[in-house]
Amino acid sequence: MTDVSIIGLGRVGLPLALSFADRGLSVLGVDKDPERLAAVRAGTMPFKETGTQELLERVAATGRLELSDRVEDAAHAQDIVITLGTPSFSHIEIDLRDIRAVLDALLPVLRPGHALVLRSTVGPGTTDFVAGYLAKHRGFAVGQDVFVAHAPERIAEGRFLEEIGTLPCIVGGVGEGSGERVGRLFARFGAPIVQTTPVQAELAKIWTNILRYATFALPNLLMMDCEQHGANVFEVIDLINRDYPRGGIALPGMTAGTCLRKDFAFSEERSNAPGMLLAVSRVNESVPRFLVDGIKRRVGPLAERKVAVLGLSFKRDSDDERDSLSPKLVRLLERELADVAVHDPHVHTPNQPLDDALRGADVVVIATNHTEFSRPELLRRVAELATRDCLVVDPWNALGAAQVFTYTAELALLAGARA
Ligand SMILES: NC(=O)c1ccc[n+]([C@@H]2O[C@H](COP(=O)([O-])OP(=O)(O)OC[C@H]3O[C@@H](n4cnc5c(N)ncnc54)[C@H](O)[C@@H]3O)[C@@H](O)[C@H]2O)c1
C-alpha cells in the first residue's frame, strides 16, 4: 500500500518524496524523465540540495520509495501531491500544460477518498480550476468525495531539509474537508499548519516571491542611479541602513532564478497596477546590460578583449542554472565581440578551469557570489593571471571591496588595507 504519490521529482518533488519516506510513509515518485528516474534508482541525487544525498541513501535502504514513469500509478496512493514545473509563457500567462496533462492522466483513475495537492506555484484561481475540472469531468463533490488543496512550497533552494520541518505550511483547501485532510499529510513534518482559502494560499506564495523580487530591484536600480551620478552604491546603502531603525535596503546583484523571474507574471495576468511589476522585472533584467555598458565605458570597445565571467548558476553555491542571468550577460558580451571565458565550479554545463578563464583577461565579472569567489585567493589569482590593469566587476560585493567596477591594482590596495 502506497501512502503518498509525488508527481514531478524535481528540486521540489524529490526532496519532498524523500522526506515523506524518511518519516516512515511508503512513497511513489513519478516522473516522465527517464534519466532522472535512473539517477534516483542508482542512488544518485540529480542535483545539489544540502543533505539529500545521504537522505536518498538512507531512504533507498528502507525500500520505502518506489518510482514510476506512469502518472496513473500515482492513484495507488490516497494522497497525490503535484510538484510539476509551472513556467510562464512570455506573454504574461501561466503555462499550465504539465498540470493539465497530469490531471488528464489522473482523471480516469481517481476514486472517492483521493486527495490531490498542488504543491507547484500557481496563479490565483488555479486550485479552484483544478477542483472544477475534477467536478466537471468526473462529477466529484470536491471537499467530500475527493479533496483538493494548494500547499505551496516556500523553501529556499539548499535549505529543504532544514526548512521542511520549521516553515509554516500554508494549506488552502477547496470545500469542507480538503484543508483538514491535506493538513494531516503535511503535519508529519512537524511545522505549523496554517489553514486558509485556496486563493489566499496562492496569493501568499506568489507575493512571497514578488516581495523578494521587488526588494532586490530597489538596490539594483540604486546601483544604476549611482553610476549615473558618480556615486558608490555600497556607500549609499551603508548611509541608508547604518543605525537607522527604518532602513534595511538589500544589496544589489544579478537577481533572477527559476521562481523570482516568472512568478510575478502570474499576478500580472490580472494586475490592478499593470506595469508596476513589469518595471520591477525590467530593472532586474537589465542588470547584465548595465554591467556591459559600465565595462565599455571604462575599457572601451570590447571586440577581441577577453572577459572572464565567474559564475553560471543564479544563486550562491548552487548548481541550478535555470533562469540565471549569467547566460544573458555572456550573450550581451558576445554581441560586443568580446572573447568570453566562463568558469563555475558548481554547475554541470561544461566550463573552463578558473586559471584558464582568468589568464590574460582584460575584465573579470563576478556573476554569481559563490563562496569560492568571495575569498582573497581569487584576488591573488586575478592579480597573477589577468592583465595588469584588469577591470573587476563585482555587483554582489563578493570580494568585499565595495566597488561595482574597480581595477586589480585598487583591489590589491583595498585588500592590503583590510589585512
Ligand atoms: N525550485 C525551487 O526552489 C522552488 C521553490 C518553491 C516553489 N517552486 C515551484 O515548485 C514547482 C516545481 O519546481 P521545480 O523546481 O521542482 O521544477 P522541476 O522542473 O525541477 O521539476 C519538475 C519535474 O516534473 C517532471 N514532469 C514534468 N511533466 C511531467 C509529467 N507529465 N509527468 C511526470 N513528471 C513530469 C519533470 O521531468 C521534472 O523532473 C514549480 O511550480 C516552481 O515554481 C520551486
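1. N220 is buried in this predicted model. The reason is its relative accessibility: the value is 0%, and a residue counts as buried when that value is under 20%. N220 belongs to helix α8, which covers residues 198-229.

2. Which atoms does the side chain of N220 reach? One is the backbone oxygen of F216, at 3.1 Å. The side chain of N220 also makes a polar contact with the side chain of T255, and the distance there is 3.1 Å.

3. The surroundings of N220 can be listed as well. Leaving aside residues up to four places away in sequence, N220 touches P252, G253, T255, V283, N284 and V287.

4. The next points concern a pair of helices. Helix α10 spans residues 260-268 and helix α11 spans residues 276-285. Their axes come within 9 Å and cross at roughly 165°. Because an angle over 145 degrees counts as roughly antiparallel, α10 is roughly antiparallel to α11. The crossing of α10 past α11 is left-handed.

5. Which residues meet where α10 and α11 touch? From α10 they are R261, F264, S267 and E268. From α11 they are M276, L277, L278, S281 and E285. Sorted by class, this contact contains four nonpolar, two polar and three charged residues.

Methods. Residues are numbered from 1 along each chain as its sequence is written. This is a predicted model: local features need pLDDT of at least 70, side-chain atom pairs count only at pLDDT 80 or more; totals for chains, interfaces and linings use all residues. Side-chain values use heavy atoms; hydrogens and water are left out. Helices (H or I, at least four residues) and strands (E, at least two) are DSSP runs, numbered from the N terminus. Buried means under 20% relative accessible area, exposed over 50%, partly exposed in between (1.4 Å probe, protein chains only). A polar contact is a pair of N or O atoms within 3.5 Å; within protein, one must be able to donate a hydrogen and the other to accept it, and residues adjacent in sequence count only if both atoms are side-chain atoms. Contact means heavy atoms within 4.5 Å. Axes are lines fitted to C-alpha atoms, for helices over the stretch in contact, and angles run from 0 to 180 degrees between N-to-C directions. Angles under 35 degrees count as roughly parallel, over 145 as roughly antiparallel, 65 to 115 as roughly perpendicular and the rest as oblique. A crossing is left-handed if the near helix is turned anticlockwise from the far one by less than a right angle, and right-handed if clockwise. Ala, Val, Leu, Ile, Met, Phe, Trp, Tyr, Cys and Pro count as nonpolar, Asp, Glu, Lys and Arg as charged, and the others, Gly among them, as polar.
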